[in-house]
Amino acid sequence: MANKPLTDIRSLDPTIRAEVDRMILSYEYTYREIADYISEKSGLTVKQMIVCIHARNLCRREEERQNGKPQSRQN
């Protein structure tokens with residue numbers, strides 16, 4: 001039986017999600033490496049596109065935070 005697919009990184013255990021966010025913001029890891037890390041830690045199937053979407057939203061939120069702009073959505 002195949003592993004359950006992950007559809008939203010926000011639903012991960014907070015410890016795993018914090019590490020994923022750190023990996024993304026470090027710019028030291030590929031989306032494939034991050035997806036593999038999530039799969040290893042959670043047992044879920046993770047597509048690179050899910051990591052990409054989360055990374056895009058995370059980087060946008062970080063940029064808004066650094067520029068002092070209000071965050072209109074919690075993605």
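Colleagues, the model is a predicted one, in which local features need pLDDT of at least 70, side-chain atom pairs count only at pLDDT 80 or more, and totals for chains, interfaces and linings use all residues. Residues are numbered from 1 along each chain as its sequence is written, and side-chain values use heavy atoms, with hydrogens and water left out.

I begin with the overall fold. The chain has three helices and zero strands; helices are DSSP runs of H or I with at least four residues, strands are runs of E with at least two, and both are numbered from the N terminus. Of its 75 residues, 29% count as buried, that is, under 20% relative accessible area with a 1.4 Å probe, protein chains only.

Let us turn to the helix pairs. The axes of α1 (residues 14-26) and α3 (residues 48-67) come within 10 Å and cross at roughly 75 degrees. Here an axis is a line fitted to C-alpha atoms over the stretch in contact, and angles run from 0 to 180 degrees between N-to-C directions. Contact means heavy atoms within 4.5 Å. On the α1 side it is made by Arg17, Val20, Asp21, Ile24 and Leu25, and on the α3 side by His54, Ala55, Leu58, Cys59, Arg61 and Glu62.

How do α2 and α3 cross? Their axes come within 8 Å, at roughly 105 degrees, which means that α2 is also roughly perpendicular to α3. Tyr31, Arg32, Ile34, Ala35 and Ile38 of α2 meet Gln48, Val51, Cys52 and Ala55 of α3.

Finally, which residues does Leu44 contact, leaving aside neighbours within four places in sequence? They are Asn3, Lys4, Leu6, Leu12 and Ser39. Leu44 lies in the loop between α2 and α3, and its C-alpha atom is separated by 5.4 Å from that of Asn3, 41 residues apart along the chain.

Notes. Buried < 20%, exposed > 50% of the residue type's maximum accessible area, 1.4 Å probe, protein only. Parallel < 35°, antiparallel > 145°, perpendicular 65-115°, else oblique.
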